[in-house]
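Me: I have this one open in the viewer and would like to go through a few parts of it with you. Can we take it piece by piece?

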Amino acid sequence: MRFNFTLNRLSLLCFIPLFLRHSIAVDILKAGQSFHDTQIIVSADQKFELGFFTHPKSSNFKYLGIWYKSLPDYVVWVANRDNPILNSSATLKFNTNGNLVLVNQTGQVFWSSNSKSLQDPIAKLLDTGNIVLRDSTSRSEDYVWQSFDYPSDTLLPGMKLGWDSKSGLNRKLISRKSQNDLSSGEFSYEVNLDGLAELVVRKGNKTMFRGGPWFGDGFTRGRSNGGIFIYNSSFEISFSYNIPTNDPYKVVLDSSGSVIHSVWNQEENGWRTTYTFEGSGCNDYDLCGNFGLCSSVLLASCGCLDGFKQKSAQNSSDGCVRKDDKICREGEGFRKISDVKWPDSTWNLVKLKVGIKNCETECLNDCSCLAYGILSLPNIGVACVTWFDKLLDIRYN
């Protein structure tokens, strides 16, 4: 027996002011200007601020960051998270190549935009929370560098995760080490690019949990409301959020590896969690092993796909084995499985073909094929997905 998978129809970062600050009158920093740690830059519509802060509040570690103007107790982007300035004043300015540089009082560089050289640079803080760098003679949207391409641990509406050919970057969130340590931690939240595109949380190179492959306009699992999915293997594979509200919104990868979606609630005067994506229960990657199927009511429970039995009566994580190995041109067919997260679809476990008219025949004619599914890729069309070697990390939705 083989399988046909169907679509499912298939802590706050606190800081303290350094001094009594005053705002620069405009949202732009131009060549020859500098920006000191007693100043803040405010975006045009007063939505975001760029400035300096210390963390933890009892320390002398100084950082350059961006935060919602109305909510200065949460920093959404940090320039020098892995290289704080200690016991010194700080200045943001342009160097001789037109790059933004963060220096201490002796001129030592603690962070740089590292973009191409500009003759007449302009840096601007946008109302999206994105600080951008361009030449004054270029069009306003022709950025040579932008902070959205280098996220910290927070995803803002309009910020993208994933890869694009123009920048050559694979943008991802990186957790902080701890609540009191802003430096890069162990966990990443990113778009998987090897196999079918899906959101995954990794600890180093190890997958901890995943959202499931994209189906046309969304994911099988993971928060897709307001999600924007771009799939073009030649130009861009990315994910972002477009929230139909003016309320502050953020997606944070915390130091434990959980992805927390929050919106600011004016009535409660606090962040309200709208969704948490974490590696617990059936979300724990490969909890039930090969050919296993995880279901969860109160607790995660491992079973087997039809036609399989537990490999070990003592350890369900060892997965399942076939009851009958005669599956190659022995009159076998497919069992349809609905309302599940598709199996792990990375690396050599999966193949994707566009334009296949009969996906069932495609799988049946290959004795190494274990299962198939059909999906629709935006701007590409219907595609046939076939799985090989293992069927891992399947769960009921």
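Me: How many residues of strand E25 are buried?
Reply: In this predicted model, six of the six residues of strand E25, which covers residues 236-241, are buried, so the strand is largely enclosed by the rest of the structure.

Me: And which residues point which way from E25?
Reply: Glu236, Ser238 and Ser240 point one way, while Ile237, Phe239 and Tyr241 point the other way, and all of them are buried. In a regular strand the side chains alternate between the two faces of the sheet.

Me: In which sense do E24 and E25 pair, and over how many bridges?
Reply: Strand E24, residues 227-232, pairs with E25 in the antiparallel sense over six bridges. A hairpin of three residues joins E24 to E25, and Asn232 has Glu236 in E25 as its bridge partner.

Me: What about E17 and E25?
Reply: Strand E17, made up of residues 161-164, also pairs with E25 in the antiparallel sense, over four bridges, and Trp163 stands opposite Ile237 of E25.

Me: Changing topic, is Ser262 buried or exposed?
Reply: Ser262, which has its place in strand E27 (residues 259-265), has a relative accessible area of 4%, and because the cut-off for buried is under 20%, Ser262 counts as buried.

Me: What is Ser262 in contact with?
Reply: Leaving aside neighbours within four places in sequence, Ser262 is in contact with Pro248, Tyr249 and Lys250, and also with Trp271, Arg272, Thr273 and Thr274.

Me: Where does Val26 lie, then?
Reply: Val26 lies in the loop between strand E2 (22-23) and strand E3 (28-30), and at 44% relative accessibility it counts as partly exposed. Not counting residues up to four places away in sequence, Val26 touches Ile41 and Val42. The C-alpha atoms of Val26 and Ile41 are separated by 7.1 Å, with the two residues 15 apart along the chain.

Me: In which sense do E1 and E33 pair?
Reply: Strand E1, residues 2-5, pairs with E33 in the parallel sense over four bridges, and Phe5 stands opposite Ile337 in E33.

Definitions and conventions:
Residues are numbered from 1 along each chain as its sequence is written. This is a predicted model: local features need pLDDT of at least 70, side-chain atom pairs count only at pLDDT 80 or more; totals for chains, interfaces and linings use all residues. Side-chain values use heavy atoms; hydrogens and water are left out. Helices (H or I, at least four residues) and strands (E, at least two) are DSSP runs, numbered from the N terminus. Buried means under 20% relative accessible area, exposed over 50%, partly exposed in between (1.4 Å probe, protein chains only). Contact means heavy atoms within 4.5 Å. Two strands pair if DSSP finds at least two bridges between them.
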